[in-house]
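Let's take a friendly walk through a protein model. Have a look at the chains first, then read on.

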Amino acid sequence: MTDTRDRDDVRRPPARAPRILGFVALKLGGGALSLLLVVVLGFFLFRVLPGDPARTMTRSAPVSAEQLAALRHRFGLDQPLYVQFRDFLGNLVRGELGTSYTYNRPVAELIGERIGPTVLLVGTATVLAVLLGLWMGTRAAWRHGGSADRWFTSVGLTLWSVPTFWLGLLLLMAFGVGVGPMPGLFPVAGMSSPDVPPGVLPRVLDVGHHLVLPCVTLVAVIHAQFMMVMRSSLLEEMGEEYLTTARAKGLREDLVRRRHAVPNALLPTVTLIFLHLGLVVSGAITVETVFSWPGLGLLTYEALRVPDLPLLQGTFIVLAGSVIVMNVLAELLYRVLDPRVRAS
Amino acid sequence: MTPVLDMRDVSISYRAGGGLRRAVTDVSLSLEAGQTLGLAGESGCGKTTLALSVLRLLPRSARVEGEVLLGGRDVGKLTWGGLRAVRWAGASVVFQGAMHALNPVRTVGDQIAEPIRLHSAERVPTAVLRARVAELLEQVELPVERRDAYPHELSGGQRQRVMIAMALACEPSLIIADEPTTALDVVVQSQVLTLLRNSVARRDVALLVISHDLSVLANTCGRLAVMYQGELVERGRAERLVTSPEHRHTRALATAFPIVGDVSSRRVGEGERSGGADTPRGGAASNGALLSARGVSVSFTDGARIRTRAVSGVDLDVCEDEIVALVGQSGSGKTTLARTLLGLRRPDAGGVSYLGAPLAHTGGGLRAFRRRVQLVLQDPTGALNPRHTVYEAVAEGLRVHGDVVNEGERVRAALEAAELRPAEEFLGRFPHELSGGQRQRVVIAGALVLDPRVLVADEPVASLDATVRGEVLELLLGLRRERGLSTLVITHDLGLAWSIADRVAVMRAGEVVERGPVEQVLTSPEHEYTKALLAAVPVLTRTVT
């Protein structure tokens, strides 16, 4: 690197297109490999879980040993582990995730139903948290040590360390149930009310009304990490000389920040945001449970109690897969944002 | 006529801790249109602080007293809006080491266009803007297509050209160039200086150049001013200042850079090579070579799988009791060759031998070799672990080699040998408590403690101040005199080669194009490339006294 840095000749332009394709193929291949590991891991992980699905399902009614054995046979639980794994892989290749024990319906169908609400909740919360976090992080760093910095970081870190379910319950009690003279302002459970007038707008408003509390809970908890990353990466950029150049050019301070400092500071933040987009899907388990939001998180929670092995495997693959997909997307996006990564 | 820049009794101090730290004391200077002024001084003398005060670019902790008049208006009294209007349009800056001074995620064309758009009263049509950027790039002799390049895609010299194009963008009446050529090699340096000089001469712009290198300033500026510890100690016409400096600090600056071809500026004389030769330690190969390379070729494979030859077919010997300089521009392959000599890289072809025996590339053999051939790097700050004391830094080599008998005594001896006396005083210190020169001595002591036969020094004084350079070079010469220690100095600085080396090898594009005794190669070069290198060295016309 040092050897060629200062060479003053015109460099040959790199052959861009094939290298980009190669890069994308490499990343996608890596992602596929991770996904395969997830599938294998998921299968064995849930077999180790305590609890017997057959017993849990028949808890309410007295059953004979034969009936239990028949149930186990139906689910394939009496087969050796490697046979179960083989069948599982075979089904997976055919695009089947198996049948849920408790719901007695194909897992893929169940997940398909629940993924919409989760994406709505998590997507809204993440977009809000990212915007809020980035804005707060920028403010905090630009006036490093100022009152905004102190308030944002202390409040953000407090909320970040609070257990999600606890904060959710508090909000639920305060704004859902109501405290003292204040009535409950928001619905306490679910995604929609049974008695909504027909029409698109009333239904959208109803869902939005239900969305407020779980969304606020998620935003409150996760915005801090975006803020802290943005803050520290902007602080790092603030000593850079190109900002002095920008000031010397006569740019207003907010333009120096917006045009020069923030685009550079955003780079490390992008990776985090995308990693998080994947993680948040699973992170919503507690929030969805507290607010009975009919999403993947709640489904996972219900499946865990049985344990409903096919359903767990299915949700696990979807959740882990989303992390991997987002990670690959982050790397590709990073390449677009940072010209230096593009070249190397 | 109103001077473009008029500084009257300017003093600048920084709030640090509870008190004030003076950086600049009572400096007055003025500069008229078309004039060029060089501000010389060592790092920390306040020259950059003074320059930044012209556009009020100093950090908030700075307090400026006195008046800075830019085109007759007091910069200190301008409103923020007024100040922004003056910045770049009235005076622009060519910052040092343009890698960091350019925004890495925006194209250079975009960055050149930015101040034009900003300082125009009305919206500039894109086509006009593009044409103007193309025109500016043409003026700094860069291909127009380069406007879509990002800073990292350009070489150091090209980035500096972009900075100059940017500085010219709004046609200011003053350009301040802060160390415009530091970190550039001699050929690129001379191109950039010529460009800077011509650009201002054509436009009747005033130019203020700041540098630690008096020869750079003397070649660019009509007048010089020398700063020392925040004060202006001497000023005058460039020739006068260089030929007959009055202040001792000016003299120190002027003599720090040797004049190639001037025998009096060589530190190594004929009678120098004695001590080591009297007590030969033996073991050298038949031709006297301690370390030698034969037909060494090294190539790299980059991300796109394109092989680049960095070194091809090089022969080089470092004999006992000898200082050899390996000279070349950045990218000539000299550092790669040095790494190969140290056994840090395996050559594709050819081989390295020490005392006539080929270099082992595994385990014990390589370790034994590394005890005998030690490396000294360019930047002592980076080479020293900031959390290790001087003692730990020097003793580390012994510990790596599992040789801890009499550790304390040997560390002290090595520090003494590196002229850090008394050694006791330095043992417990951390790198940040030392000056640049002392740090480099600690690095050298770390090498000496293993009692090597050869030092490989990669730009050993490039990051040091003028006056400290001389001391470190004296140290290298002293080590040879007293211990017969051979040194291979890798440098782009012909003056350095001239001042301490016995033999020189000139490298270009991976090949040694010329070699021989320093006096011969540098005074009557045969190869075109050596001639070109010598021609690019800024010359201090100094009367030899």
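Two strands pair if DSSP finds at least two bridges between them. Helices (H or I, at least four residues) and strands (E, at least two) are DSSP runs, numbered from the N terminus. What you're looking at is a predicted model, where local features need pLDDT of at least 70, side-chain atom pairs count only at pLDDT 80 or more, and totals for chains, interfaces and linings use all residues. Residues are numbered from 1 along each chain as its sequence is written, while chains are lettered from A and ligands numbered from 1 in the order in which they are written.

Now find strand S1 (residues 5-16) of chain B: eight bridges tie it to strand S4 (residues 62-70) of chain B, and the two run antiparallel. Asp6(B), for instance, sits opposite Leu69(B) in S4(B). Strands of a sheet pair through backbone hydrogen bonds, either parallel or antiparallel.

These strands belong to an open sheet of four, in the order S2-S1-S4-S5 (chain B), with antiparallel pairing. Strand S2 (19-31) and strand S5 (73-74) of chain B are at the edges with a single partner strand each, so one side of each has no neighbour in the sheet.

## Chain B as a whole

Zoom out, and chain B has 22 helices and 20 strands. Its radius of gyration (taken over C-alpha atoms) is 25 Å, close to the 24 Å that the globule rule (2.2 Å times the number of residues to the power 0.38) gives for 545 residues, so chain B is as compact as a globular protein of that length. Along its principal axes, the C-alpha trace of chain B spans about 75 × 55 × 45 Å.

## Two domains

Chain B splits into domain 1 (5-255) and domain 2 (289-297 + 308-536), with bounds from an automatic or database domain assignment. Their C-alpha centres lie 35 Å apart.

How many residues of domain 1 of chain B are in contact with domain 2 of chain B? Nine, and they meet 10 residues of domain 2; contact means that the C-beta atoms, placed from the backbone, lie within 7 Å. On the domain 1 side, helix H7 (186-203) and helix H10 (248-256) of chain B are the elements that give two or more residues. H7(B) provides the largest share, three residues.

## A look at chain A

In chain A, the unreviewed UniProt entry annotates residues including 115-136 and 157-177 as "transmembrane region". UniProt positions are given in the numbering used here, feature names are shortened, and annotations may be inferred rather than shown by experiment. Residues 115-136 of chain A are 100% helix and 0% strand, with end C-alpha atoms 30 Å apart.

Notes: Two residues are in contact if their C-beta atoms, placed from the backbone, lie within 7 Å.
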